[in-house]
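Hi,

Here is the structure I promised to send over. Have a look at it first, and then read on for what turned up.

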Amino acid sequence: MELSFFLLLLFGLRGSLSHERRLEELQVAPETQIGITGIDGATFVEFIAGLGSQLMQDAPILTVLVDGEERSIDTPVRGFLVDRAALQKGDALSSSTIIGVMVPPLKALGCQSRVHAPNVHGGVFKSYVGTVGDKVSESTSVYEITSNVGVTQSITSGIDGALQAVMELLPGQAIPSFATVALVLHSCTLKVGAGEFGVPMAEPAIFVQYLVDLGGYVGEGDNIAEVTVADETSYLTAPTGGYVVDMYPLLHGDEIPVRKDIVVVVPPIEPVGTDVETTATDDDGLFFQKYNTSIGDPIDEGVLFMEATDGPGNKHYVGAYEGGKVKKLLPLTKGQRVPPNANLLIVETEDSPWWILVLVTLLLCCVGVLALLCCREQERPPKEDAREMLIEPVAEEPEPVPEPVVVEPPPPPPITPEGVRIDFQTVDGATVTKYFSYRPIGIIFNKRAPIELMDFHFNSYGETQGVQLGWVITRIGDEDVTGINDFNVLMHKLHDSLVPFPWWPLRAEFTTPSGSHEVIQFVKQPLGMTFSRHAPITINHLKPNSYAASMGVQEGWVLQKLGDVELQPDSNFKCVEDLLLDALSRLEPIPGLALLKTKSSGSFRSKSLDLTNQ
């Protein structure tokens, strides 16, 4: 018995490593799956990612050889690798050949239960038993998988409800271990705790779409959802500014429950004076479980005061930045989304000794008394000279008639520059006013108070306007923002003020094969073109109907200048690629395409100034 189990486990592990298909057998489901293609002229070296692996965006999938240089093919989005081709080292690849298939993860909302995949070795997807919209019970089979030895296993719902969403998988594709394969909507009501605001629908309506993201920030009065009321388009608005921590799962065309909360908003908490805040991480997939402290309790630095879980159920903890007395906790209810980078804890630090306050008060009183005596001494009239009193008065000459005063018209008001006014406080304490008429401004700020300028992104519009490191924003438009210490709130105000303005372009200069020079101003991304990975940086391939092609870019062009950086014949491609990614991620995204995002919250500018191949 033990021997047969060992052999089954052994062959199961071998099967998980050998589940690959021939190139012509790979298929990509049309709705959500993404095909990974090769590169023209490249040859295969090895796969880095295994079947069923969960991969972050820009993670390497495989390595290839291009012109004798080894490079990687990376993931365009975050997701799971569910299929890949059976390739041998040295196999030729092309940009029209699919060599891998990815599927993005399912994200659950409130009242949705996850149906997870089991931890299987070599198992593949067989079929879904039902369809979206079907009623299911706790024991209802949702989908079936086939083990590497041909055994079919049914995966059940685990809860009563309705099947609302499934991961798009094709028969024979790998099952991602522990991934959420289906979502079941069960009968429930969103929980609205103390300090939270529920957003209900007051009259019968049909759901169209949500206009906010779970965990995102909304301002008071912002549109949360688009609905149809009596065949007319209407909008559900936020009752207060804050974070969206829970949403009722609705599909286009669903009838919205009347007087039932479909969105929960939590107002942010802010530090005052010497208070110290502790913020959440930038992970957008954590669900609140509990606080391990209460308002008024003492807390030490580093104490784990909050517990959360991710999708598969792994626990995450947040520790206090500083010790003191717990003054505020962000109101959250179990199961709600933890807003990324939001203030979770406000700690009141120890007050100054009482005798210092008394001494300061007495000192201020003394200063006030001295100031009052000085003012009274200055107001006392001077004594008259006795000799002046004996002099007889002399008849005064008549005063001349004043000439008529010509009133000049007031000067015209100064012309206000175009753009949004933003005031900065410099490191010397002075106030400098700048006007911005493009977006984004390409500035990296410190996320904790004081929210000062730390660095510039490459091709930064703000840097061209003369903004300097160490400056702090004090005013946006007509609003004084000196009292805002929440990074997310300030960034949302800055973003909203710049929305009406055009995107700041990325200027690129090329040399054509004929020797002429071409200048292209890119304002959208992705470009849809690939470069050679060595100097000179040459356009190797343009995707059909790509944005770069629509701007007139042609294959064979050589990149000579990017923004304000001259590229040399010995320029290091990795450094140029970093600069390009940093700049492109701040251009207008084209809907429906895989977008570029920076691999770091910092700027590539400081990392990539040395462009030489050393």
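Strand β4 (residues 60-66) pairs with β2 through four bridges, in the antiparallel sense. Within β4, Thr63 stands opposite Glu46. Please keep in mind that this is a predicted model.

These strands belong to an open sheet of three, ordered β2-β4-β5, with antiparallel pairing. At its edges are β2 (43-47) and β5 (69-74), each of which pairs on one side only. From one strand to the next, the twist averages 30°.

Now for the protein as a whole. There are 43 strands and seven helices. Of the 614 residues, 41% are buried. Taking contacts between residues at least 6 apart in sequence, 63% join residues at least 24 apart.

Next, the interior. In soluble globular proteins, nonpolar side chains tend to be buried together. The largest nonpolar core here has 51 residues, and Tyr210, Tyr291, Phe305, Met306 and Leu344 touch the most other members. Several strands supply at least two residues each, including β16 (205-210), β24 (287-291), β26 (304-309) and β29 (343-348). The largest share, five residues, comes from β22. Where does this core lie relative to domain 3 and domain 4? Domain 3 (197-266) and domain 4 (275-348) both contribute residues, so the core lies between them. Another core, of 27 residues, lies apart from that one; Phe458, Val553, Trp557 and Leu567 are among its members.

Best wishes

Terms used: Residues are numbered from 1 along each chain as its sequence is written. This is a predicted model: local features need pLDDT of at least 70, side-chain atom pairs count only at pLDDT 80 or more; totals for chains, interfaces and linings use all residues. Side-chain values use heavy atoms; hydrogens and water are left out. A nonpolar core is a set of buried Ala, Val, Leu, Ile, Met, Phe, Trp, Tyr and Cys residues joined through side-chain atoms within 4.5 Å. Buried means under 20% relative accessible area, exposed over 50%, partly exposed in between (1.4 Å probe, protein chains only). Domain bounds come from an automatic or database domain assignment. Contact means heavy atoms within 4.5 Å. Two strands pair if DSSP finds at least two bridges between them. Axes are lines fitted to C-alpha atoms, for helices over the stretch in contact, and angles run from 0 to 180 degrees between N-to-C directions.
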